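Let's take a friendly tour of a protein model, stopping at one residue and then at some open spaces. Keep the structure in view as you read.

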Amino acid sequence: MQPNFPLNLPDTVRATSLSISPPGGGVARRLLVAGASGNLFLYDTQGRAYPGWQPKQLEFRLAGPPQYLTVDGRDVVVVLLENGYVYAFDQAGASYPGFPISMGARLGSGVLVETGATFSRTRLTVVSQRGERVSFNLSGDILARARVATWSRTSQFRLVPDQEQRSYVVVREDGGQLTLFSPAGQQVLSQRFVTSAPRSVQFFSFGPGRQVYALTETGPGKAYLYDARARLVGGQPFDSSAPQIALTHDPATGLYHLFRVVGNELRRTDVRLAQ
């Protein structure tokens with residue numbers, strides 16, 4: 001164990017995420033801890049808190065884990081709040097020019113980041129609870145806004161990136177109906193669930209035509225895997241006790257290796273997708 005660890009947060013704080021600064025520049029990594037009530041703590045690898053983050057208390061709950069970026073040699077902490085506002089802070093906890101900015105509606109998930117060489121060339125994309133895809137840069141400019149899907153007062157939207165954080169799908173849940181859309185708004189697949197148990201969605205992309213969508217229903221303990229053409233892999237769901245599964249692809253054999261937890265067992269299943 002490293003000196004000064006474990007770090008002890010205040011007794012009233014329930015940590016919900018840990019974001020780590022990108023490597024490089026010969027600078028020690030920075031550790032950003034988010035609390036459930038919208039407070040943020042920033043530490044170095046010696047466990048020392050940075051000024052301005054002891055903690056930084058925001059006025060609303062976080063919509064998703066903060067993003068710790070390094071752009072043009074500067075640290076940027078991007079924070080999305082459920083009330084639809086987005087903040088960008090420097091290492092000292094001060095807001096960058098142009099922030100906060102409003103997405104025009106509430107947010108319920110995180111952000112996809114396409115890091116560029118400058119603040120203006122770094123593109124960030126969110127999906128609001130009104131079904132709008134909004135892209136903006138670190139200069140605080142809104143770059144694009146378009147509706148992905150229709151919405152109602154009971155619908156909830158999430159942006160789900162792939163495992164490489166390069167692309168994403170948009171998830172709309174309305175009661176027991178769960179629908180996935182492409183970034184362009186095309187419906188990928190739709191499924192109705194009978195139970196009200198929590199559901200998680202994962203998106204895996206291993207190249208053109210090799211996308212897999214995993215829908216896990218935690219109550220019955222079932223994981224549904226769909227291929228790029230929305231066909232149910234294996235013709236039936238897989239048993240899975242955990243909220244998520246893991247999936248890898250072997251280009252040499254064309255096999256997909258599915259890892260899932262069933263009870264107290266970690267199981268591996270090799271599957272081949274239909275052509």
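## A closer look at Pro237

In this predicted model, Pro237 is partly exposed, because its relative accessible area is 27%, a value that falls between the limits of 20% for buried and 50% for exposed. To find Pro237, look in the loop that runs between strand S19 (222-226) and strand S20 (238-239).

Which residues does Pro237 touch, leaving aside its neighbours within four places in sequence? Its contacts are Lys222, Ala223, Tyr224 and Leu232.

## The largest pocket

Now turn to the pockets. The largest pocket has a volume of about 390 Å³. Its lining is made up of 16 residues, and those nearest the centre are Pro65, Gly110, Leu159, Val160 and Pro161.

Which strand gives the largest share of this lining? Strand S13 (residues 155-161) does, with 4 residues. Sorted by class, the lining of the largest pocket holds 8 nonpolar, 6 polar and 2 charged residues.

## The second largest pocket

The second largest pocket holds about 200 Å³ of space. It is lined by 13 residues, with Gly209, Tyr256, Leu273, Ala274 and Gln275 the closest to its centre.

How many charged residues are in the lining of this second largest pocket? There are 5, along with 4 nonpolar and 4 polar residues.

Key:
Residues numbered from 1 in each chain as written. Predicted model: local features only at pLDDT ≥ 70, side-chain atom pairs only at ≥ 80, totals over all residues. Heavy atoms only, no water. 1 Å grid on protein atoms, 1.4 Å probe; cavity = no way out; pocket = protein on both sides within 12 Å on 5 of 7 lines; lining within 4 Å. Points joined across faces, edges and corners; volume = space filled by probe spheres on them. Helix = DSSP H or I, 4+ residues; strand = E, 2+ residues; numbered from the N terminus. Nonpolar A, V, L, I, M, F, W, Y, C, P; charged D, E, K, R; others polar. Buried < 20%, exposed > 50% of the residue type's maximum accessible area, 1.4 Å probe, protein only. Contact = heavy atoms within 4.5 Å.
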